[in-house]
Amino acid sequence: MFEHLDAFRPKSFEETPFTWIETRRALDGMLNKLRTAQEIAVDLEHHSYRSYSGFLCLMHISTREEDFVADTLALREELEDL
């Protein structure tokens with residue numbers, strides 16, 4: 001699990017496909033791709049204006065091959081699969 005790998009340049013933004021995830025079908029497609037990924041990166045955006053604890057709005061997930069942005073408000077009931 002913790003093995004040393006040499007760094008390499010990522011693909012450019014223009015070469016990396018981007019998928020907006022806001023439906024169950026799109027979420028399932030993303031999950032299938034993530035299951036085969038060797039590594040992923042995750043970034044979360046949350047909203048806390050007029051809210052004590054805030055809530056998650058967007059989730060960015062990237063593999064070496066593709067970028068995904070999941071609308072967590074639209075998928076609120078579906079995200080437990082992730």
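Which residues make up the largest nonpolar core? The structure is a predicted model, in which local features need pLDDT of at least 70, side-chain atom pairs count only at pLDDT 80 or more, and totals for chains, interfaces and linings use all residues. Residues are numbered from 1 along each chain as its sequence is written, and side-chain values use heavy atoms, with hydrogens and water left out.

The largest nonpolar core has 11 residues: Ile 21, Leu 27, Met 30, Leu 31, Leu 34, Met 59, Ile 61, Phe 68, Ala 70, Leu 75 and Leu 79. Such a core is a set of buried Ala, Val, Leu, Ile, Met, Phe, Trp, Tyr and Cys residues joined through side-chain atoms within 4.5 Å, where buried means under 20% relative accessible area, exposed over 50% and partly exposed in between (1.4 Å probe, protein chains only). Two or more residues come from each of helix H1 (24-35), strand S3 (55-62) and strand S4 (67-71), and H1 gives the most, with four. These elements are DSSP runs numbered from the N terminus (helices H or I, at least four residues; strands E, at least two).

Pro 10 counts as exposed because its relative accessibility is 60%. Although Pro 10 and Glu 65 are 55 residues apart in sequence, their C-alpha atoms are 9.1 Å apart in space.
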